[in-house]
Amino acid sequence: MRKFWCLFFMFWPTLAIAVCVVAPTNGWWFPSVAPWELGQQIDDLFNLLLIITTVVFIGTQVALGYVLWKGTTVKKGGAWFSHGSHNLEVIWTILPAIILLFISLYQMDVLARIRVMSQFPEQARDAPVAEVSARQFEWRIRYPAPGKKLMPQPQPTDLYTVNDLHVPVGKPVMIRLRSEDVQHSFGLPELRLMQDAVPGLVIPVWFQSNTTGKYDIVCKELCGWGHYKMQGELTVELQEEYDAYLQALQAKMNDDGFSAEANNAVAQSNEE
Ligand SMILES: [Cu+2]
């Protein structure tokens, strides 16, 4: 019976590792990374952390399995006790400390490029393409009118969409991320990007896609009952298509009688 329990407890970590090994080839892994340098670097960082944790996981599970198996052969009354090993404790304190220190230093450069605004590409920093406001349960998007700059405060000429973000291909773009109610998280899985949207803060986020196409925008923070349906679409298109899109959006809003007053009303309700 003791052998059964030993095998039972060892079965689960073995199964977990087996699933992880076959996952990438079965499409149970991340979507493939969009072609941009920082996305690839984030992916590489993730893989490095995965390798480190996998090695540690296998090591500890093998040690656990060894101890369990040894325990199955102990005769009644034959158990031995240990008061621990000073040397072992020093090793398993210092070794993780060194690994954690290495990780924290190693990832600093990539983290700074994503998070620190002074490290953003100048082109993106100077001209945010849109303001994305998360709210239960949608992404509200405010663009400046064609040829205008996005201002911190909503302008009468601004253009609005919901769950539909367009950006030009091949150049760094920046959005201003806000939340109108609770905490959300703006996620672009294919670009390996994730940023919390925090009420009361305007957080700059930059990214770049070097191929045209459509990507998912998902909420990565449980934000209420409708969290699951908080999905948008990122369309990366040629500069001409992007310009035409904004023109068409402007024409549509004019046709719909989406006047400056109405715009202001939306803007004000956004502010509340
Ligand atoms: Cu959300």
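## Helix α2 against helix α3

L45, L48, L49 and I52 of α2 meet I99, F102, I103 and Y106 of α3. Contact here means heavy atoms within 4.5 Å. By class, this contact holds eight nonpolar, no polar and no charged residues.

α2 and helix α3 (residues 86-106) pack at an angle of about 175 degrees, with their axes 12 Å apart. Axes are lines fitted to C-alpha atoms, for helices over the stretch in contact, and angles run from 0 to 180 degrees between N-to-C directions. The two helices, α2 and α3, are therefore roughly antiparallel. Angles under 35 degrees count as roughly parallel, over 145 as roughly antiparallel, 65 to 115 as roughly perpendicular and the rest as oblique. Helices (H or I, at least four residues) and strands (E, at least two) are DSSP runs, numbered from the N terminus.

## Model basis

The model is predicted: local features need pLDDT of at least 70, side-chain atom pairs count only at pLDDT 80 or more, and totals for chains, interfaces and linings use all residues. Residues are numbered from 1 along each chain as its sequence is written, and side-chain values use heavy atoms, with hydrogens and water left out.

## Helix α1 against helix α2

Helix α1 (residues 2-22) and helix α2 (residues 37-72) have axes that come within 9 Å and cross at roughly 170 degrees. α1 and α2 are therefore roughly antiparallel to each other. On the α1 side, the contact is made by R2, K3, C6, L7, F9, M10, P13 and I17. On the α2 side, F57, I58, Q61, L64, G65, L68, W69, G71 and T72 take part. By class, the contact of α1 with α2 has eleven nonpolar, four polar and two charged residues.

C20 lies in helix α1 and is partly exposed at 44% relative accessibility. Buried means under 20% relative accessible area, exposed over 50%, partly exposed in between (1.4 Å probe, protein chains only). F11 is partly exposed, with a relative accessible area of 44%. From F11 to Q195, 184 residues apart along the chain, the C-alpha separation is 37 Å.

## Helix α4

Helix α4 covers residues 108-115, and V110, A112, R113 and I114 in it are buried. The buried residues of α4 pack against α2, β7 and β8 (203-207).

## Copper site

H184 (ND1), C219 (SG), C223 (SG) and M230 (SD) coordinate the copper ion at 2.1 to 2.6 Å. Donors are N, O and S atoms within 2.8 Å of the metal (3.2 Å for Na, K and Ca); water is not among the atoms, so sites may look incomplete. The angles among the four donor atoms run from 90 to 125 degrees, and the site is tetrahedral. Four donors count as tetrahedral if all angles lie between 85 and 135 degrees; four count as square planar and six as octahedral if opposite donors are over 155 degrees apart and all others between 65 and 115; anything else is irregular.

Along the chain, the donors follow the spacing H-x34-C-x3-C-x6-M. H184 is buried at 0% relative accessible area. C219 counts as buried at 9% relative accessibility.

## Strand β5 and R176

R176 sits in strand β5 (residues 173-179). At 16% relative accessibility, R176 is buried. Not counting residues up to four places away in sequence, R176 touches P128, A130, E131, V132, R142, L150, M151, P152, V202 and I203. R176 and F57 are 119 residues apart in sequence and 40 Å apart in space, C-alpha to C-alpha.

## Backbone in the loops

Q136 and F137 are joined by a cis peptide bond, with omega about 0 degrees. F137 is in the loop between β1 (130-135) and β2 (138-143).

N163 has a positive phi near 60 degrees and is not glycine. The loop between β3 (159-162) and β4 (164-168) holds N163, which is partly exposed at 22% relative accessibility. R192 has a positive phi of about 60 degrees, although R192 is not a glycine. R192 is in the loop between β6 and β7 (193-197) and counts as buried at 15% relative accessibility.

Definitions and conventions:
Ala, Val, Leu, Ile, Met, Phe, Trp, Tyr, Cys and Pro count as nonpolar, Asp, Glu, Lys and Arg as charged, and the others, Gly among them, as polar.
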